[in-house]
Amino acid sequence: MNNALRITAFAAALAATFGTAYGVGRGVDPLVAAENRPTGQHGGHDGGGEGGAETAGAGHAPGGLQISDGGYTLALETPVVPAGARSEIRFAVKDDSGRKVTAYRREHGKELHFILASTDLTQYRHLHPVRAADGTWSTPVDLPEAGGYRVFADFTPAAGAENLTLGADLAVSGAYRPAALPAPAAVAEVDGYRVTLGGELRAGRAGELRPSISRNGRPVTDLEPYLGAYGHLVALRAGDLAYLHVHPNEGDPGPVVSFTAMAPSAGTYRLFLDFKHQGKVRTAAFTVRAAAPASDAEGHREGGSGAPAGHAH
């Protein structure tokens, strides 16, 4: 979850080839979240609720696949940046009259969340751009690897009721070498933290994912709020980088953070978990697979039994 120079050539070739994430690993595949989402709401920030997940997965396409939706367009003013150098990305959200949007509803402490991922899922960033008075957003970025990237703007305009996630292609110039997607695994390590992913990801049915966090062999029970939550989960689907940003269910500050989620289809997914401890945000990444729903005796589709998240079926 390709660029303004039409580096889409890579994307097709890399549909099945996804790489190690930056830091702990970054790359994602869409989980469709369990949430109580208003009818017509697409992708983006969501709350828990299994019933919502069933509706979201069945009724709406994942977010981030379109540059325009709901009368709004993501206008990327910086379609190309160099690899290995600090630069600035500028963009705006425009309404159907071509005017830059300057009024947003705050979601989890921010007017807009900006996610960036390489098309081979080797790089991932959750950025916090600043908006100028005229509606132009900007954020510094330093990307070590060249190639095709996808950017996602996750926001709710003040004039509208729907949360939207719009996507656009970004090119990072330089020599490009794709990497392979890490094999499914239930454990990720980052900066001395060990994150174990429990539960299962199922296609077509809501399931619970339960990342547990430890350090030096001891459970971490004092996670700090990050953007109003004890954990944030972003998922991108292999192949098209369909996007979903999920928030945790109600719970304590560790060691387990619970998410209810549903995969929109069978396949391989890359999940990014952001968590904050001792004043620093860290990201753990997992490759998981969701199996196709099995048919019951009456011919109805049901979610497969599924293996624990992080393990191949």
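This is a predicted model: local features need pLDDT of at least 70, side-chain atom pairs count only at pLDDT 80 or more; totals for chains, interfaces and linings use all residues.
Which residue forms a salt bridge with R282? Some notes on that and its surroundings follow.

1. Residues are numbered from 1 along each chain as its sequence is written, and side-chain values use heavy atoms, with hydrogens and water left out.

2. Back to the question: R282 pairs with D191, with 3.4 Å between the closest N and O atoms. (A salt bridge here is a side-chain nitrogen of Lys or Arg within 4 Å of a carboxyl oxygen of Asp or Glu.) R282 sits in strand β21 and D191 in the loop between β13 and β14, 91 residues apart. Strands (E, at least two residues) are DSSP runs, numbered from the N terminus.

3. D191 also meets K280 in a salt bridge, at 3.5 Å from N to O. K280 is in strand β21 and D191 in the loop between β13 and β14, so this pair ties together parts 89 residues apart in sequence.

4. Buried or exposed? R282 counts as buried, at 10% relative accessibility, while D191 is partly exposed at 45% and K280 partly exposed at 41%. (Buried means under 20% relative accessible area, exposed over 50%, partly exposed in between, with a 1.4 Å probe and protein chains only.)

5. Now look at F275: K280 and R282 are among the residues that F275 touches, and so are V190, Y193 and V281. Contact means heavy atoms within 4.5 Å.

Key
Helices (H or I, at least four residues) and strands (E, at least two) are DSSP runs, numbered from the N terminus. Lists of a residue's contacts leave out its neighbours within four places in sequence.
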